[in-house]
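Work through the exercises below with the structure open. Each task is followed by a solution in steps.

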Amino acid sequence: MLVGNYGVGKSTLIKEPVLDRQTILLKTHENIWVLGKTIIGADSLSSMKKEDVINELVKHTDKNIIITGNYYSQQTDVIKLSEGFNVVIIYLKTSFAENVKRIAMRGKTINVSTYNSKLKLHYNMMVKTKHLAKIHVIDNDRAFTEVKQDITKILQDEQN
């Protein structure tokens, strides 16, 4: 699970050429799949019921699946998915100032209340599921290339 506040770059970090498609999974590398109808990730599944998405996911425990977006990265999702997957949470720790800057680049403004709410939600989710998932916290205030390198290394390590 690639987790972070709105606008921190989750979709940008998973953007890769799609090599194959299987239902709601997009293959980007050898046995690495992104959950979504498009490469932006799970945000592209908003037309589907969450239960249907989770039920489809559990059919593919042989795959390494990257899940982005806040809707599919809840404590209940970690609990359910840990039954068939080795869950890995990659948290993109992004300062408020950096998050403001990235959202401004999209021509939008940050909602402080939503920012704080998601921050608390992610922290609590990681604390309450640390016995079910391996957790990596990445400094996301750095350059995209540095963060992408860290994520690529984690994906490689988790496949071995």
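**Exercise 1.** Identify the residue in S4 that stands opposite Leu25, then describe the pairing of the strands S3 and S4.

Solution. The model is a predicted one.
Step 1: The residue across from Leu25 is Leu35 in S4.
Step 2: Strand S3 covers residues 25–29 and strand S4 covers residues 32–35.
Step 3: These two strands run antiparallel to each other and are joined over four bridges.

**Exercise 2.** Place the strands in their sheet and find its edges.

Solution.
Step 1: The sheet is open and has four strands, in the order S2-S3-S4-S5, with mixed pairing.
Step 2: S2 (20–22) and S5 (64–66) each have a single partner strand, so one side of each lacks a neighbour in the sheet, and these two are the edges.
Step 3: From one strand to the next, the twist averages 35°.

**Exercise 3.** Is Arg102 buried or exposed? List its contacts beyond four places in sequence.

Solution.
Step 1: Arg102 belongs to helix H4.
Step 2: The relative accessible area of Arg102 is 15%; buried means under 20%. Arg102 is therefore buried.
Step 3: With neighbours within four places in sequence set aside, Arg102 contacts Gly7, Val8, Asn140, Asp141 and Arg142.

**Exercise 4.** Classify Phe96 by accessibility and name the surface patch that contains Phe96.

Solution.
Step 1: Phe96 lies in helix H4, which spans residues 96–104.
Step 2: With a relative accessible area of 36%, Phe96 is partly exposed.
Step 3: Phe96 forms a nonpolar surface patch with Val100 and Val112; together they have about 210 Å² of accessible area.

Definitions and conventions:
Residues are numbered from 1 along each chain as its sequence is written. This is a predicted model: local features need pLDDT of at least 70, side-chain atom pairs count only at pLDDT 80 or more; totals for chains, interfaces and linings use all residues. Side-chain values use heavy atoms; hydrogens and water are left out. Patches are made of residues with over 30% relative accessible area and no salt bridge: like charges are joined within 9 Å, nonpolar side chains (Val, Leu, Ile, Met, Phe, Trp, Tyr) within 5 Å. Accessible areas come from the Shrake-Rupley method with a 1.4 Å probe; for residues, only the protein chains shown count as cover. A salt bridge is a side-chain nitrogen of Lys or Arg within 4 Å of a carboxyl oxygen of Asp or Glu. Buried means under 20% relative accessible area, exposed over 50%, partly exposed in between (1.4 Å probe, protein chains only). Two strands pair if DSSP finds at least two bridges between them. Axes are lines fitted to C-alpha atoms, for helices over the stretch in contact, and angles run from 0 to 180 degrees between N-to-C directions. Contact means heavy atoms within 4.5 Å.
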